[in-house]
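Student: I've got a model open and want to talk through a few local details. Can we take them one by one?

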Amino acid sequence: KPLIMIAGKPMIQRTYEQAIKAKNLDKIVVATDDERIKKVCESVGANVVMTASEIPNGTERCNAAQLALPEKYDIVVNIQGDEPLIEPEIIDEVVQALKDTPDAVYSTPVTLCKKDEVKLLGRVKCITDKDGYAIYFSRGMIPHNKKGEVDPNHPYLLHLGLQCYDSEFLKVYGDLPATPLQLQEDLEQLKCLENGYKIKTITVDHASHGVDEPKDVASIEAIMKKHGWD
């Protein structure tokens, strides 16, 4: 999937080009188990860390990457390769949010979800408490209501493909056994919540979405054309 072409460039290249614009990151590496992805990324100047193919999810791949690096970092940011239009300002805000929230081990952005996308399983929704700590993430519509219909007046929150971790917590995450809600929803962040760890969310203005299925490419290209991005 990372090599899908978006307006003439591989998606992973577009994501990388956005990431290197962030100001709060000391080092950017692409963690992959695929030689084709490695070749494309290195061709545009990216540092690449090869990781094992049996690693089950992006969170644990981030940990494998940090352990492979000679340098040590306090914070590790997982920028998913299927977020080609992620704004560098959002990356910086998420890093700052974790720095400012010592009782959280993880920070992540949410944005308003389009009403016609609330029920899409490929769009992960989030609900938070009044202080912005995540209560739950789901592929289904949350919060739900008695009618089972999208409420046009409710601000549903869409979870974006960007996670910021305390590096010490990241080392612990892989040792925690998979949890029931994590397995049911196929969402790795639920393992954090089910084990009592706090996730801090920040609400951002984000015009795009990730590429979860092939038809999303046309939507991303339409957004780029609308805004005049190349």
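Student: Which residues does Asn57 touch, not counting those up to four places away in sequence?

Tutor: Quick caveat before that: this is a predicted model, where local features need pLDDT of at least 70, side-chain atom pairs count only at pLDDT 80 or more, and totals for chains, interfaces and linings use all residues. Residues are numbered from 1 along each chain as its sequence is written, and side-chain values use heavy atoms, with hydrogens and water left out. Asn57 sits in the loop between β4 (47–50) and α3 (58–68), helices (H or I, at least four residues) and strands (E, at least two) being DSSP runs numbered from the N terminus. With contact meaning heavy atoms within 4.5 Å, Asn57 touches Tyr173, Gln182 and Glu188.

Student: And which backbone nitrogen does the Asn57 side chain reach at 2.9 Å?

Tutor: Polar contacts are N or O pairs within 3.5 Å; within protein, one atom must be able to donate a hydrogen and the other to accept it, and residues adjacent in sequence count only if both atoms are side-chain atoms. A polar atom of the Asn57 side chain lies 3.2 Å from the backbone nitrogen of Thr59. The one at 2.9 Å belongs to Glu60.

Student: Is Asn57 buried or exposed?

Tutor: Buried is under 20% relative accessible area, exposed is over 50%, and partly exposed is in between (1.4 Å probe, protein chains only). Asn57 has a relative accessible area of 11%, so the label is buried.

Student: How many disulfides are there?

Tutor: The rule asks for a pair of cysteine sulfur atoms within 2.5 Å. Cys62 is in no disulfide, as the nearest cysteine sulfur, that of Cys164, is 10 Å away. For Cys192, also in no disulfide, the nearest is that of Cys62, 12 Å away. The count is zero.

Student: What is the relative accessible area of Cys192?

Tutor: Cys62 is buried, at 11%. Cys192 is buried too, and its value is 0%.

Student: How many residues of helix α1 are buried?

Tutor: Helix α1 covers residues 11–19 and is mostly covered. Among the buried ones are Met11, Ile12 and Tyr16.
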